[in-house]
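Here is a short report on one structure. It covers an interface, a helix pair and a strand.

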Amino acid sequence: MPSNQTRLLLVDDTPAALKLLGMMVASMGWEFETAVDGEDALNKIKAQAPGYYSVVVSDWLMPNLDGIGLLQALKRDAERRHIPVILQTALADKESVQQGLKEGAFYYLAKPLDMELVQSVIRSALRDFKSHQTLRSEITKITESFGTAKQATFEYKTLEEARGLSSLLASLCAEPDEVVVGLFELMVNAVEHGNLAITYDEKTKLINEGRFLEEVQQRLADQTYCDKFVTLNLAVHPEDIEVTIQDMGAGFDFEQYLTFSLERMLDNHGRGIMMANQSGFKKLEYSDGGRQVTCCIDRAAVRSALN
Amino acid sequence: MSSVSAKLNQDCLEIAVDGVFDIELYHDFNNAYKDYLGKASHYVIDFARTDRIDSAALGLMLLMRQKVGTETKVIKLVNANDKVMRSLETAQFGKLFEMDA
């Protein structure tokens, strides 16, 4: 569990600047640690649990790894990208400020530092971090409760419901990110091509014309389709989960979509089932003329072990 | 919350995708380059902050490829993480786009 304690990481290659910033932070009663450049900071952050540091305040120009480099490295780390990074620099040009903000900096502080501004920006970043932590902990509680399920049945109609449900189901596995795409593809397919009867050629045309999502929404509201839903049955075993997805459409010729096709290589869709099929599921079987698909997912599997 | 941002750097349009690149970004991704068609001669899609992509995202990239011209590999895909790279490779995108790894 992430630490609830407020702890800042101050990063600057100039000892005097670091000392000054440290005094500003200490006067607010915030605990802090220091790093002498971006590389040192990154090593310290990575060595700790993701919630250990609440806010990073970093200089921009530093040897080894500069402030932007540190920011980019943190944003690439899914578990640590929510740590607010405040950049400080004497670089006052508009381009630098824009670059920092574009890369996801929480705020940009101009040197020389104004004590009141520094403190109020850090306070705001801390609030941001804490609300993120609270949300995260609530999500963890929900997914942990869901982990007690042994069997469940869901009915969904929309792509948004498919997205949320696929994430929830994936949370039952050790590496949710590794299985969520495959599950989502199968679940979306049941809506688009199953219940809403959007044909392959129709989808090609709709995507080309930029009207695809509108068409999905229209059909979801249309009386021909609005009562149709997808039934998803879940069976949870210690080693794996089995998911069966049943739509109310007319079925389709699924065989041709299971593997890569050179003829369809340039088509703007038609890869979802192939992506699911290659995502390392223990089993993926269509039945009932394509209206039903069952997949079995190893709960412990991580991709590197599968390759 | 996923998002798309675009920036014209001389004649190169740099598009960055944050978060999950799936059907939710359908309009955002299409809008990111549509005003630059003809103005940019090269395009970069930066996946540095992209967690994962699905088949709808692959479709959107192919649509972009079709719209900017398909004669040469003018669209470069960069900074893909392992998961994104696997999806790109599954669809054999190395044959259609320039890739940095």
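## Chain contact

The contact takes 25 residues from chain A and 19 residues from chain B; residues are in contact if their C-beta atoms, placed from the backbone, lie within 7 Å. On the side of chain B that touches chain A, α1 (26-34), β4 (50-53), α2 (55-68) and α3 (82-90) of chain B each give two or more residues. α2(B) gives the most, with 5 residues. That side divides into 7 nonpolar, 7 polar and 5 charged residues.

This is a predicted model: local features need pLDDT of at least 70, side-chain atom pairs count only at pLDDT 80 or more, and totals for chains, interfaces and linings use all residues. Residues are numbered from 1 along each chain as its sequence is written, while chains are lettered from A and ligands numbered from 1 in the order in which they are written.

## Helix pair in chain A

Helices α6 (residues 159-170) and α7 (residues 176-195) of chain A pack at about 145 degrees, with axes 8 Å apart. Axes are lines fitted to C-alpha atoms over the stretch in contact, and angles run from 0 to 180 degrees between N-to-C directions.

By class, the contact of α6(A) with α7(A) has 13 nonpolar, 2 polar and 1 charged residues. A:Leu165 and A:Leu169 are among those in α6(A). The α7(A) side includes A:Leu183 and A:Phe184.

## Strand β5 in chain B

β5(B) pairs in the parallel sense with strand β3 (residues 42-46) of chain B over 4 bridges; pairing takes at least two DSSP bridges. B:Tyr43 has B:Ile75 as its bridge partner in β5(B). Strand β6 (residues 98-99) of chain B also runs parallel to β5(B), joined by 2 bridges. There B:Leu77 partners B:Met99.

Notes: Contact = placed C-beta atoms within 7 Å. Nonpolar A, V, L, I, M, F, W, Y, C, P; charged D, E, K, R; others polar.
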